[in-house]
Amino acid sequence: VEVFGTHGFVLDGPQTRKDYEDDLPPIVVETPYEGQEVSGPIELTGTANVFEATVSYRLVIEDGHRGPPAAEGFTTATCGTGCRGTFKKKIRVMVTHGPVDATLEVFESSAENGEPLHMVKVPITLVP
């Protein structure tokens with residue numbers, strides 16, 4: 001393919017994900033995907049271009065009350081602050097009954113005040 005779409009975008013060669021990095025949001029979560037049923041540890045993977053390559057996460061159980069997260073922490077991307085790197089983290093969570101609706105929130109913590117920036121929310125279902 002040398003021309004893409006009805007507007008005639010000319011492609012200058014084979015296209016890769018790297019060709020479109022500038023169009024991506026600061027945090028992209030690849031797994032888990034929206035609506036996925038997860039048992040055992042949650043495999044969090046993706047790419048990020050965030051301050052000091054630090055990617056924070058928290059797992060919130062959807063029970064109608066905003067209680068403390070079931071899990072929270074951070075991981076680091078392979079590159080950050082001006083370049084996009086990959087990240088990977090196993091989040092340990094124990095589910096004894098279910099299914100349980102939850103949301104995995106992935107974000108950059110503000111260096112100024114700790115508030116979440118560039119929040120990505122991934123609704124998932126936890127199963128025993």
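This is a predicted model: local features need pLDDT of at least 70, side-chain atom pairs count only at pLDDT 80 or more; totals for chains, interfaces and linings use all residues.
Trainee: Which residues touch the most other members of the largest nonpolar core?
Mentor: Ile-42, Leu-59, Leu-104 and Leu-126 do, out of 24 residues in that core. A nonpolar core here is a set of buried Ala, Val, Leu, Ile, Met, Phe, Trp, Tyr and Cys residues joined through side-chain atoms within 4.5 Å. Buried means under 20% relative accessible area, exposed over 50%, and partly exposed in between, with a 1.4 Å probe and protein chains only.

Trainee: Take Leu-126. What is it in contact with, leaving aside neighbours within four places in sequence?
Mentor: Leu-126 is in contact with Val-38, Ile-42, Leu-59, Ile-61, Val-93, Val-95, Gly-98, Pro-99, Val-100 and Ala-102. Contact means heavy atoms within 4.5 Å.

Trainee: How many bridges does β6 make with β7 and with β9?
Mentor: Six with β7 (residues 71-76), in the antiparallel sense, and six with β9 (residues 100-109), also antiparallel. Arg-58 has a bridge partner in each: Glu-72 in β7 and Glu-105 in β9. Val-55 is bridged to Thr-75 in β7.

Trainee: Is β6 largely enclosed or left open?
Mentor: Largely enclosed by the rest of the structure, because six of its eight residues are buried.

Trainee: What about the sheet of three strands, what order does that have?
Mentor: β3-β5-β8, an open sheet with antiparallel pairing. β3 and β8 (85-91) stand at the edges with a single partner strand each, so one side of each is left without a neighbour in the sheet. Neighbouring strands are turned by 25 degrees against each other on average, direction ignored. Those angles use axes fitted to C-alpha atoms, for helices over the stretch in contact, and run from 0 to 180 degrees between N-to-C directions.

Trainee: How many bridges join β5 to β8?
Mentor: Seven. In one of the pairs, Glu-43 has Lys-90 in β8 as its bridge partner.

Trainee: Now the loops. What are the phi values of Glu-52 and Ala-53?
Mentor: Near 55 degrees for Glu-52 and near 60 degrees for Ala-53, both positive in residues other than glycine. Glu-52 lies in the loop between β5 (42-48) and β6 (54-61), and Ala-53 is found in that loop too.

Trainee: Are those two buried or exposed?
Mentor: Glu-52 counts as exposed because its relative accessibility is 55%. Ala-53, at 8%, counts as buried.

Trainee: How far is Ala-53 from Arg-84?
Mentor: Their C-alpha atoms are separated by 8.6 Å, with the residues 31 apart along the chain. Arg-84 sits in the loop between β7 and β8 and counts as buried, at 16% relative accessibility.

Trainee: What does the Arg-84 side chain reach?
Mentor: The backbone oxygen of Pro-25, at 2.6 Å, and the side chain of Thr-47, in a polar contact of 2.9 Å. A polar contact is a pair of N or O atoms within 3.5 Å; within protein, one must be able to donate a hydrogen and the other to accept it, and residues adjacent in sequence count only if both atoms are side-chain atoms.

Trainee: Last one: where is the cis peptide bond?
Mentor: Between Thr-31 and Pro-32, with omega about 0 degrees. Pro-32 lies in the loop between β3 (27-31) and β4 (37-38).

Key
Residues are numbered from 1 along each chain as its sequence is written. Side-chain values use heavy atoms; hydrogens and water are left out. Helices (H or I, at least four residues) and strands (E, at least two) are DSSP runs, numbered from the N terminus. Two strands pair if DSSP finds at least two bridges between them.
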